[in-house]
Amino acid sequence: MRKLMLGNEAVARGAYEAGCRVSSAYPGTPSTEISEYIARYDEIFAEWAPNEKVAMEVAVGASIAGARAICCMKHVGLNVAADPLFTASYTGVNAGLVVMVADDPGMHSSQNEQDSRYYARSSKVPMLEPADSEECRSFVRKAFELSEKFDCPVIVRLTTRIAHSQSIVEIQEPEKAELKEYKKDFKKYVMMPSTARARHVEVEKRMSALKEYAEDCEFNKIEWNGKKIGVITSGVDYQYTKEAIKDASILKLGMVYPLPEKLIRDFAAQVEQLYVIEQLEPFIEQYVKSLGIKVVGKEIFPVMGEYSSSLIRQKILGEKSIKMEPPAADIPVRPPVMCPGCPHRGVYHVLKKLKLVVSGDIGCYTLGALPPTESMDTCVCMGASVSMAHGMNKARGDDFAKKTVAVIGDSTFVHSGITGLIDIVYNKGISTVLILDNRTTGMTGHQHNPATGFTLKGEPTKEIDFIKLCEAIGVERVVEADPFDIKTFEKVLKEELSCDESSVIVAKRPCALLKGVKYEGPRRIDSDKCKNCKACMLIGCPAIIDSDGRIEINEALCVGCMLCTKVCNFGAISKAGVINE
Amino acid sequence: MNNLNIMIVGVGGQGTLLASRILGNGALNMGYDVKVSEVHGMAQRGGSVVTYVRLGEKVFSPIIEKGEADIILAFEQLEALRWADYLKPEGTFIINTQKINPMPVIMGKAKYPESIIDKIRSRFERVLAFDALSVAKQTGNIKAVNVVLLGVLAKLLESDMPKQILIDSMKQVIPEKLQEPNFIAFEKGYSMFEPSQAKI
C-alpha cells in the first residue's frame, strides 16, 4: 500500500516491519516524531527516557536480552549517548540494535551544526543514510538485519529535510522476529581490560568485513548519465543533485560508513570531473582524497548551512544566482516568541526587573534571551545552566552567585540538571536554581517526561516530586512558587538569592497550550483608564499590540492569563465582553 | 503535467501544516509523486513558517527555491511579502489579508509595512487577496481560516486535482467530528473566485 509519510513516521514503520520490540528515546527536533509514531504500534514497548544515554543503554540491554531494539535522538543527543555507543560497538548485539540520529544542517532548531557521521567512524559502527521516506522505511528495516549479520549496532542518520519531509512509502507486511535466546556470555558482554582487548580484535575484523560488504551492498548504487560530471553524494543532497544536474552520473551512498574504496575508485576513473556534494563536514570528500583521487568538494561548497539545487547549479554549472528585488525593503523579522499565556513570561518579567545574571538552558524558555525580555546570559547544552552557575559562583565568589540564577525546565532538569545540582551541594556552592516546571516538554511539541505522571503511551505512572528530590540531594532550601504571582515570586527569588547556601525554586504552572489549562478568557484595555505607560508591553506578550500609539489586546490571541493585569498600575485591563461568533 | 510547486506560508500556529497535509494526500490520491516539507520545533512558536508541497510525475528536492513557486498560499500579509521572491513571475498569489504583528512591531521597534497588497500587485498579475478570517467567521468557525484558503486553492487546481480529491483527503486527515464545519468553510472558499479572476 502507498502512503504519504513523514521521514520520521517511515522510520517507525521500518522498525515495526522489522519486528522491533523495544524503543527508547529522548525528544529532540528533528527526531521527536519517530518515537511518537512508534508508540502507536501496540507490538512495540516504547518509552521516553530521561536522556539519550539512558535511551541508548535501554536499547543495548534489550538487544542483549534478545529483542530487536531502537533508540532515537537528535545530533546533540548522540553526544550524551556516546559513552554506551562506543562500548556497545565492542560488545556487539544479540538481537538487532539500531541507533537513529537526526542532524540539523542550518540549525532550524538546534544549538550547533555538528555532523554525526564522525561518530560512526570513531565508534566503529556502520552508518546508513536514507534519501527519502521510502528509504527511511526500508533502510531501518534492513539495519536490523545488518546489525545481526555483523554483530554491531547500526546508526541510521537523518537530516531535518529527510526527517520532516513527507514522501510516498510502500508499506510492507511486518516480519515475525522472535525473541532470541538469552545466553550469558561474559567475554562478549562484560567489558573490562582483558575481555575488551579480545573484543577490539573482533571489532577490527568486523570493520574489514563491512568494508568488503559496502563494495556491492544494496545501499550504494551508481546512476550512469554521461561521463562528463560525476557526483558522489548521499541523503537529501542526492535529491538536490538530481534536481540540479540532469546529465550527471551519481554514486549514491546509502551506507556512508564504512565507505566503499573500490566502488569509489571505479566510479572516479570513469568520469571526467568528480565532485562530492555533502552538507556540513567533508566526511566523504576527505576519504576520497585520502585515496589519492582528484575531487572537488569544499573548495566550492560551504561547510555551513543547508544546500539546495540552485546552489549546486551555481557551483557546478556556473549558473548565476537569481537576484530578485524583494517587493519591499525592511521587512520586519518574525522571530519565535513565547505563546500568550506562557508561564515563563512571569519568570522573565521578574528576572529582567532584578537584572540578574541568568545561566540558561534548552527549551521554550531559551526564548527569554530574545527581546523584549533579553534576560539570558548563557545557553550551551542540556543541563548546563545548573553546573555553569556553579562554575560562575566558584570563579567570582558568593557575591556574584547572589546575583546569578540558573534557569532550567522540568524535562531538562531530569535530563541532566540533577547531577549539576548534586555538584553544587557537594562542593558547597550557594547557587539558586529555578526549575521551570510547566508540566511538559514544551519546545519539541509537548511530550511527557518523568515529572508529568504519564508515559509516552499515555499511561498514568509515578511522577517525580522535585521538592523531595532536591531535598534528598541535600538542598535545604526548596520552595515552590507560582510564576504568575509575580509579587510573591520576586520576594521568594530575592530571599533565596540572598541566602548563603544552595537553593531551588520550583516555578510551577502548566504550559498554556496543554489540554485542560483554562483561563477566564480574553482581556481588554479600558482606554479611559489606560495612561499609555506601556508597562504591559514590556512583558512581551504577542496578544498586546501597539496600534498606532494606542495599546490594545488582540482578543483572538489572548487566553486571559492575567499577567498583564498584574503589571498594569492603573487597573486598566479587565475582562473582555463575551464574543458571539 | 509539469511539476507543480505550492508554498504555504504563515505564522506558527495558524494551521499551515494541516493544509499542506491535506494537499499532499490529495496529490497521493491522484497518483502523483509528491513531497511535503515541513517546519517543526523552535521555529513553530509564533515564528514565520513555510511548508513546501511539490507534486508531479517525479519529485526530487523536497524544497522550493526563489522564483520556483507556481502558487503561494499566504495565511498572513507580511508573510506573503516575506516570501514573495519565491513566486514565479507568472505564478499565483492567494493572500489572506489578516495582519499579525511580529514582536519587533509589537515592541514599536519596526513598522508593519504599509500597502503590502498593492506592492505585491505591482509585481505579480495573478493575486487573489481577501480577508479569510472574516470568511471563516461567517461560516461560524473562526479556526477554519486554513480550510477557507484551501478551498480557494482547490478552485485554481481544479484541472490538475478535482475538488472531490481534496475533500476525500480532508476526510483522511481531519478527525470525523470536526469534518462537517471544515467542509462548509472549504466550500465557502471554493465558491469565492473563478480561476479567471486571478488575472486582475
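The model is predicted, so to speak of local features a pLDDT of at least 70 is needed, side-chain atom pairs count only at pLDDT 80 or more, and totals for chains, interfaces and linings use all residues. Residues are numbered from 1 along each chain as its sequence is written, while chains are lettered from A and ligands numbered from 1 in the order in which they are written.

**Chain B fold**
- Chain B has eight helices and six strands, where helices (H or I, at least four residues) and strands (E, at least two) are DSSP runs numbered from the N terminus.
- Along the sequence, the order is β-α-β-β-β-α-β-α-α-β-α-α-α-α.

**Chain B packing**
- The radius of gyration of chain B is 16 Å, in agreement with the value near 16 Å for a compact globule of 200 residues; this is taken over C-alpha atoms, with a globule rule of 2.2 Å times the number of residues to the power 0.38.
- Of the 200 residues in chain B, 55% are buried (20 or more other C-beta atoms within 10 Å of the residue's own, with C-beta atoms placed from the backbone).

**Where the chains meet**
- The contact (C-beta atoms, placed from the backbone, within 7 Å) takes 45 residues from chain A and 48 residues from chain B.
- Elements giving two or more residues to chain A's side include strand S1 (2–6) and helix H11 (235–244).
- S8(A) pairs with strand S2 (residues 33–37) of chain B in the antiparallel sense over three bridges; pairing requires at least two DSSP bridges.
- Lys35(B) in S2(B) stands opposite Ser167(A).

Definitions and conventions. A residue is buried if 20 or more other C-beta atoms lie within 10 Å of its own, exposed if 12 or fewer, and partly exposed in between; C-beta atoms are placed from the backbone. Two residues are in contact if their C-beta atoms, placed from the backbone, lie within 7 Å.
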